[in-house]
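Here are my notes on the model you passed along. Have the structure open while you read them.

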Amino acid sequence: MSIDYRAIARREPRFAVRMPVTVSGMGKDGHYFSRAAETLNGSTEGMGILLEQGLYPSTPLVISILREQQVLQIQSEVRHVTPFDNHRDLVGVRFQEMAFV
């Protein structure tokens with residue numbers, strides 16, 4: 001399935017970027033999860049993540065990115081969830097706060 005993620009309304013343009021991340025939060029089932037995922041695109045305000053986890057819009061998430069022996073943790077909020085392929089969704093998130101840990 002091909003999704004034109006550029007058609008989704010947003011304040012800042014997105015650019016294609018693929019990198020591994022870890023996503024943590026509360027799933028649709030009410031249980032905490034922490035999963036490996038991959039980004040599809042990003043901007044200064046958010047990113048699209050390919051994720052194998054059921055989520056609702058407005059769900060708070062923490063995205064962790066390993067960077068030069070530090071971890072950048074980004075508190076974010078789910079803005080939309082769109083089916084991407086047979087087992088993953090494209091999860092659009094808006095950034096809220098960032099910190100290196």
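The points below go from the whole chain down to single residues.

1. **What we are looking at.** This is a predicted model, in which local features need pLDDT of at least 70 and side-chain atom pairs count only at pLDDT 80 or more, while totals for chains, interfaces and linings use all residues. Residues are numbered from 1 along each chain as its sequence is written, and side-chain values use heavy atoms, with hydrogens and water left out.

2. **Confidence.** Mean pLDDT (the predictor's confidence in each residue, from 0 to 100) is 90 for the chain, and 89% of the residues reach 70 or more.

3. **Overall make-up.** There are zero helices and seven strands, so the pattern along the sequence reads β-β-β-β-β-β-β; helices (H or I, at least four residues) and strands (E, at least two) are DSSP runs, numbered from the N terminus. Of the contacts (heavy atoms within 4.5 Å) with a separation of 6 or more, 50% are between residues 24 or more positions apart.4. **Surface and burial.** The accessible surface comes to about 6300 Å², with 51% of it belonging to carbon and sulfur atoms; areas come from the Shrake-Rupley method with a 1.4 Å probe, and for residues only the protein chains shown count as cover. Buried residues make up 40% of the 101 in the chain. Here buried means under 20% relative accessible area, exposed over 50%, and partly exposed in between (1.4 Å probe, protein chains only).

4. **β2 and its partners.** Two strands pair if DSSP finds at least two bridges between them. β2 pairs with β3 in the antiparallel sense over seven bridges, and Thr22 stands opposite Ala36 in β3. β2 also runs antiparallel to β5, with four bridges joining them; look for Gly25 opposite Leu61 in β5. The β2 and β3 hairpin has five residues between its strands, and Gly30 in the turn has a positive phi of about 85°.

5. **The β5 and β6 hairpin.** These strands pair in the antiparallel sense over eight bridges, with Ser64 opposite Gln73 in β6. Two residues lie between the strands. Which phi values are worth checking there? Glu68 has a positive phi of about 50° although it is not a glycine, and phi of Gln69 is near 65°, again positive in a residue other than glycine. Glu68 counts as exposed because its relative accessibility is 69%, and Gln69 counts as exposed at 80%.

6. **The core.** The largest nonpolar core has 17 residues, and those with the most contacts inside it are Val23, Ile49, Leu51, Ile63 and Val93. The elements giving two or more residues to this core are β2 (20-26), β3 (32-42), β4 (46-51), β5 (60-67), β6 (70-83) and β7 (89-100). For the record, a nonpolar core is a set of buried Ala, Val, Leu, Ile, Met, Phe, Trp, Tyr and Cys residues joined through side-chain atoms within 4.5 Å.

7. **Ile63.** Is this residue buried or exposed? Ile63 has a relative accessible area of 0%, so it is buried. Its place is in strand β5. Not counting residues up to four places away in sequence, Ile63 touches Val21, Thr22, Met47, Ile49, Leu72, Gln73, Ile74, Ser76 and Val93. Although Ile63 and Val93 are 30 residues apart along the chain, their C-alpha atoms are separated by 9.7 Å.

8. **Ile49.** Show the surroundings of this one too. Leaving aside neighbours within four places in sequence, Ile49 is in contact with Val21, Val23, Ala37, Glu38, Thr39, Ile63, Asp89, Leu90, Val91 and Val93. Ile63 and Val93, both on that list, are also among the residues with the most contacts inside the core.

9. **Ser24.** Ser24 is found in strand β2 and is buried, with a relative accessible area of 12%. Its side chain is joined to that of Ser34 by a polar contact of 3.1 Å. A polar contact is a pair of N or O atoms within 3.5 Å; within protein, one must be able to donate a hydrogen and the other to accept it, and residues adjacent in sequence count only if both atoms are side-chain atoms. Leaving out residues up to four places away in sequence, Ser24 touches Tyr32, Phe33, Ser34, Leu61 and Val62.
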